[in-house]
Amino acid sequence: MRILLTNDDGIHAEGLSVLERIALTISDDVWVVAPEVDQSGLAHSLTLSEPLRLRQVSERRFALRGTPTDCVIMAARKILDRKPDLVLSGVNIGANLADDVTYSGTVAGAIEGTLQGIRSIAVSQAYHHALGGAVSWNVADTHAPALIRTLMNVELPDGTLLNVNFPDCAADAVAGVEVTSQGKLEFGLSIDERIDGRGFPYFWLRFGERSGDFRSGTDIRALRENRISVTPLKLDMTDYTVQERIARALREGTGA
């Protein structure tokens, strides 16, 4: 089995090294194509107005000056002599839950793999960054190998990827694995305005405390209860219920 690894935290991220250890427990044919620098929050973006600069770090490790999406395309279409059998994206520093999957470069790496027809899994590790705590990589190190082996054997329809999040707890405190749906979080960003040395304003986006939908069965609730969350996500964003509603309104409005 050939496994491609990517991330959005960059080629030097500790989580990528964790993912490489995990992947090597499954196969010895592991390749890494990751962004040269941090690409967090860029979602499923392409680099179209600048060249993609590729740097070979070692025999099967490459750094690309581009996004996670660029990395998967470059690997599948240029670097590898055949497509990988599995794309693993992560391990991200911080969870990717609820609405945040739309911003996530980690999830985007798995989205692009899915678009390329490759089974793809996004992997993230929750931690409380506001408290200044260290990331507990041991949770993913301990539980990811067996979980990924199991998920590899699940039949997935075309256009479906898996989003895996590990809770912020000790490895032996994990309370199991739950198949979840996306929760709902209130918008958690505010604008922090500052003044530079020349008196001009500049701005930072700042994360704050967030509330939301913590119903049973959601990814947010699972992590709060120290369970590993596995959420199947679909690329087809069509709202079929509303599709019929609009069609009915158009028929009534035109008399057709």
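**Briefing: fold, cores and local backbone features**

Of the chain's 256 residues, 45% count as buried, where buried means under 20% relative accessible area, exposed over 50% and partly exposed in between (1.4 Å probe, protein chains only). This is a predicted model, in which local features need pLDDT of at least 70 and side-chain atom pairs count only at pLDDT 80 or more, while totals for chains, interfaces and linings use all residues. Residues are numbered from 1 along each chain as its sequence is written, and side-chain values use heavy atoms, with hydrogens and water left out.

**Overall dimensions and content**

- The chain holds six helices and 13 strands; helices (H or I, at least four residues) and strands (E, at least two) are DSSP runs, numbered from the N terminus.
- Along its principal axes, the C-alpha trace of the chain spans about 65 × 55 × 45 Å.
- Among contacts with a separation of 6 or more, 75% are between residues 24 or more positions apart; contact means heavy atoms within 4.5 Å.

**The sheet**

- Nine strands form an open sheet with mixed pairing, in the order E3-E4-E2-E1-E5-E6-E7-E13-E8; two strands pair if DSSP finds at least two bridges between them.
- Strand E3 (54–58) and strand E8 (177–179) are the edge strands, and each pairs on one side only.
- On average, neighbouring strands of this sheet are turned by 20 degrees against each other, direction ignored; axes are lines fitted to C-alpha atoms, for helices over the stretch in contact, and angles run from 0 to 180 degrees between N-to-C directions.
- Strands E1 and E2 run parallel and are joined by four bridges, with Val30 in E2 as the bridge partner of Ile3.
- Five bridges pair strand E6 (residues 119–125) with strand E7 (residues 160–166) in the parallel sense, and Ser124 stands opposite Asn165 in E7.

**Helices on the sheet**

- Helix H3 (residues 105–115) lies across strand E1 (2–6), strand E5 (86–93), E6, E7 and strand E13 (228–234), and runs at about 170 degrees to E6.
- Helix H4 (residues 138–152) also packs on the sheet, where it touches E5, E6, E7, E8 and E13; its direction makes about 155 degrees with that of E7.

**Strand E1**

- Five of the five residues of E1 are buried.
- In a regular strand the side chains alternate between the two faces of the sheet.
- In E1, both faces are covered, with Arg2, Leu4 and Thr6 buried on one side and Ile3 and Leu5 buried on the other.

**Nonpolar cores**

- A nonpolar core is a set of buried Ala, Val, Leu, Ile, Met, Phe, Trp, Tyr and Cys residues joined through side-chain atoms within 4.5 Å.
- The largest core has 32 residues, of which Leu5, Leu88, Ile121, Ile148, Val164 and Phe166 touch the most other members.
- Elements giving two or more residues to this core are E1, helix H1 (14–24), strand E2 (29–35), E5, E6, H4, E7 and E13; H4 gives the most, with seven residues.
- Apart from this core lies another of 13 residues, among them Phe62, Cys71, Ala75 and Val87.
- Not counting residues up to four places away in sequence, Leu5 touches Leu16, Leu19, Glu20, Ala23, Val30, Trp31, Val32, Val33 and Leu88.

**Asp70 and the cysteines**

- Asp70 lies in helix H2 (residues 68–79) and counts as buried because its relative accessible area is 4%.
- Leaving out residues up to four places away in sequence, Asp70 touches Ser45, Leu46, Thr47, Leu52 and Leu64.
- The C-alpha atoms of Asp70 and Ala34 are separated by 9.1 Å, and the two residues are 36 residues apart along the chain.
- Cys71 is buried at a relative accessible area of 0%, and Cys169 counts as buried at 11%.
- The disulfide count is zero, a disulfide being a pair of cysteine sulfur atoms within 2.5 Å.

**Backbone exceptions**

- Most residues other than glycine have a negative phi, and most peptide bonds are trans.
- The peptide bond from Gly90 to Val91 is cis, with omega near -15 degrees; Val91 is in strand E5.
- Ala43, in the loop between E2 and E3, has a positive phi near 55 degrees and counts as buried at 16% relative accessibility.
- Ala98, in the loop between E5 and H3, has a positive phi near 50 degrees and counts as buried at 0% relative accessibility.
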